[in-house]
Amino acid sequence: MKILAFNGSPRSTGNTATMLEHAIKGAREKGAEVELFNLYTMQFSGCISCFSCKRLGKERTTLCAVKDDLRPVLEKVRDIDGLLIASPIYFGSESAACRALIERLCFPYLNYADYTKSHFPRRIPVGLIYTMNVTADMWTRVGYEVNFGRTRDTLAREFGSCTMVLAHNTTQYKDYSLYEANATGEEKKAYRDAHFSKDCENARLLGEGLVSGIQPNS
Ligand SMILES: Cc1cc2nc3c(=O)[nH]c(=O)nc-3n(C[C@H](O)[C@H](O)[C@H](O)COP(=O)(O)O)c2cc1C
């Protein structure tokens with residue numbers, strides 16, 4: 001089983017990368033071959049609305065026409081059996097690079113004539129990981145369930161199924177006394193000690209589940 005994994009955080013060892021590593025570990029433990037891409041080391045744009053992927057006739061293709069670092073990766077997507085996408089939340093959305101990936105990944109497979117019939121030839125599972133500053137109770141209060149539920153539904157519609165795993169109230173700085181923040185370093189550390197290893201375990205189960213078909217409840 002081949003899986004592509006995308007880190008949508010500019011920090012290669014931050015919360016998002018750590019959660020994603022656990023998901024990759026879970027998938028590899030179940031025998032999957034996983035290739036990781038750190039989106040912030042690549043040069044690429046979002047969809048440029050050229051509509052090449054919507055042209056009818058012999059020119060028709062589900063490979064995005066934009067020639068940049070993402071194109072060879074999108075070529076690989078045609079042959080994979082699963083996807084892992086991880087992003088920090090930036091201003092109530094995915095990071096810019098992750099948004100750009102989702103546009104380029106999903107639009108060529110979106111069937112403009114019938115949204116219910118994806119052009120992706122198989123049904124494959126997608127694991128979606130978000131890390132964020134907001135607490136678990138704020139997740140619903142600030143509308144994130146709706147925002148990110150939309151991304152989950154888009155990925156599920158084009159690829160088959162999508163399961164979301166979250167890490168709330170993450171630690172952003174090593175030393176909170178040096179930065180502006182809405183909590184003290186002690187408060188953040190106490191929350192992280194109580195929750196982050198469980199979040200990482202959920203991410204590991206997410207990776208396992210892409211291979212076994214059994215997903216964590218989160
Ligand atoms: C530009 C920027 C915008 C952010 N916006 C949000 C936000 O809207 N909601 C939220 O919960 N956290 C927000 N955060 C916090 C990050 O999502 C959170 O700390 C995340 O875990 C960082 O992941 P990383 O360690 O992989 O970089 C923001 C952080 C940055 C740098």
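These legends accompany several close-up views of the ligand and its surroundings in a predicted model. Local features need pLDDT of at least 70 and side-chain atom pairs count only at pLDDT 80 or more, while totals for chains, interfaces and linings use all residues. Residues are numbered from 1 along each chain as its sequence is written, and side-chain values use heavy atoms, with hydrogens and water left out.

**View 1. The shell around the ligand.** Here 17 residues surround the ligand, the closest being Asn15, Thr16, Ile89, Thr131 and Thr170 (near: a heavy atom within 4 Å). Seven of the shell residues are nonpolar, nine polar and one charged (Ala, Val, Leu, Ile, Met, Phe, Trp, Tyr, Cys and Pro are nonpolar; Asp, Glu, Lys and Arg charged; the others, Gly among them, polar).

**View 2. Helix and strand at the ligand.** Helix H1 (15-29) and strand S3 (82-90) each supply at least two shell residues, and S3 gives the largest share, three residues (DSSP runs: helices H or I, at least four residues; strands E, at least two; numbered from the N terminus).

View 3. Look for ligand oxygen atoms 2.9 Å from a side-chain N or O atom of serine 9 and 3.0 Å from a polar backbone atom of glycine 92. A ligand nitrogen lies 2.9 Å from a side-chain N or O atom of tyrosine 144 (polar contact: N or O atoms within 3.5 Å).

View 4. Serine 9 sits in the loop between strand S1 (2-7) and H1. With a relative accessible area of 6%, serine 9 is buried (under 20%, 1.4 Å probe, protein chains only).

How values were computed: Polar contact = N/O pair within 3.5 Å; in protein donor to acceptor, adjacent residues only side chain to side chain. Buried < 20%, exposed > 50% of the residue type's maximum accessible area, 1.4 Å probe, protein only.
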